[in-house]
Amino acid sequence: MKPEIHLFIIWENAYKFKDNFIKEINNKTHLNIIGKHKIIWNAFEENLTRFYRKRPVMSDKANRVGRGPFTLIVVEDNSPQYKERSTSKGKEIVNINIFDLKEEFREISGPPNDLIHATNNIIESNHDLTLLLGVNCNDYKKTKINKTLNTDIIGHKGWDNISQMFYVLNNTIDYVVLRNWQPLPNDFLLEGHGDIDLLVDNLKDAVYILKANPVFPEKHRVHFKVKINNQQIPFDLRFVGDDYYDINFEKDILKNKQTLRGFNVPNEYYHFYSLLYHAFIHKHNIKDDYKTTLSKMTEDYNPQDFTQINAASILREFLNKHNYKVTKPEPSVRYNEGGVNLING
């Protein structure tokens, strides 16, 4: 396997073991330390919550690991080995070079048994490094970063710009901008469309990473505000399993995503059918601007072709082909029962 970057975090309450752990890492011929950083968090509990995304407030873990400066060690593993291990999430395939060393360090530093953090795979490495230092594994090797950092997790005070936000999302969650992305990343919103619509694999993770604040108190509402360039930008966060689309439809949109100008969007096929579904099922009638947009996405149809009858027929064929169902979304979304009856008729 090709070399991988991994991380060890030595929390404050394991600080006395730091030099021994660094020596042990250096003794591993397959591991090469490429960076050591002292990190000071000012909003410790909030940072832990965004980092681990497990509960609203992580005061108990903060008390266990210590709230003071901690040490980040960045290593390159030249010979990764992946095998199954028992983790806090159950049985997982992990890089045992890192996992087993973490368990050894935890045995020495504990109890408690969580004074050492380490990454299990390259996906987790990208996630953790991006949140901690604002760069992914590839960019870390090209970027000079201070050895001491007095800074909170990226996005703590909002995002400098939307490109920064998308860079972090690209390395932390699975998502697409569902539609109306034409102005991005230079401008936020398309005229006539009041928010940025994201489909994400996990709502809780997206909310923590974005530092998104809900607009409405109802749990079913997915309208949020995200601070970007000192502006509160509206977002709708749709997520896999929310019945906005059939769950397999949502999974396939994410699976077949493509990257455009630094952010993820559906591919042409899923863009067309997800937009047609939205215009037909989530609206009472397909508006003229949707008809124009849809006709520009394909050579098969003109704007006048998107009548209720024709749209139902086109959608029915698509849904049947993939064994997707029409699903009733949460109450704040319109639901065109007449259109659904045409599809099912």
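Okay, so let's begin with strands: two of them pair if DSSP finds at least two bridges between them. Helices (H or I, at least four residues) and strands (E, at least two) are DSSP runs, numbered from the N terminus. What we have here is a predicted model, where local features need pLDDT of at least 70, side-chain atom pairs count only at pLDDT 80 or more, and totals for chains, interfaces and linings use all residues. Residues are numbered from 1 along each chain as its sequence is written, and side-chain values use heavy atoms, with hydrogens and water left out.

First up, the hairpin. Strand β13 (residues 257-260) pairs with strand β14 (residues 263-266) in the antiparallel sense, over four bridges. Leu 260 sits opposite Phe 263 in β14. Two residues lie between the strands, and Arg 261 takes a positive phi near 50 degrees.

Now look back to helix α9 (residues 247-255), where you'll find Glu 250. Is Glu 250 buried or exposed? It counts as buried, because its relative accessibility is 0%; the cut-offs are under 20% for buried, over 50% for exposed, and partly exposed in between (1.4 Å probe, protein chains only). Among the residues Glu 250 touches, leaving out those up to four places away in sequence, are Leu 199, Phe 239, Asp 242 and Tyr 245. Contact here means heavy atoms within 4.5 Å. Glu 250 and Tyr 270 are 20 residues apart in sequence, and their C-alphas are 9.6 Å apart in space.

Tyr 270 brings us to the last stop: it is one of the α10 residues in the contact with α12, and Phe 318 is among those on the α12 side.
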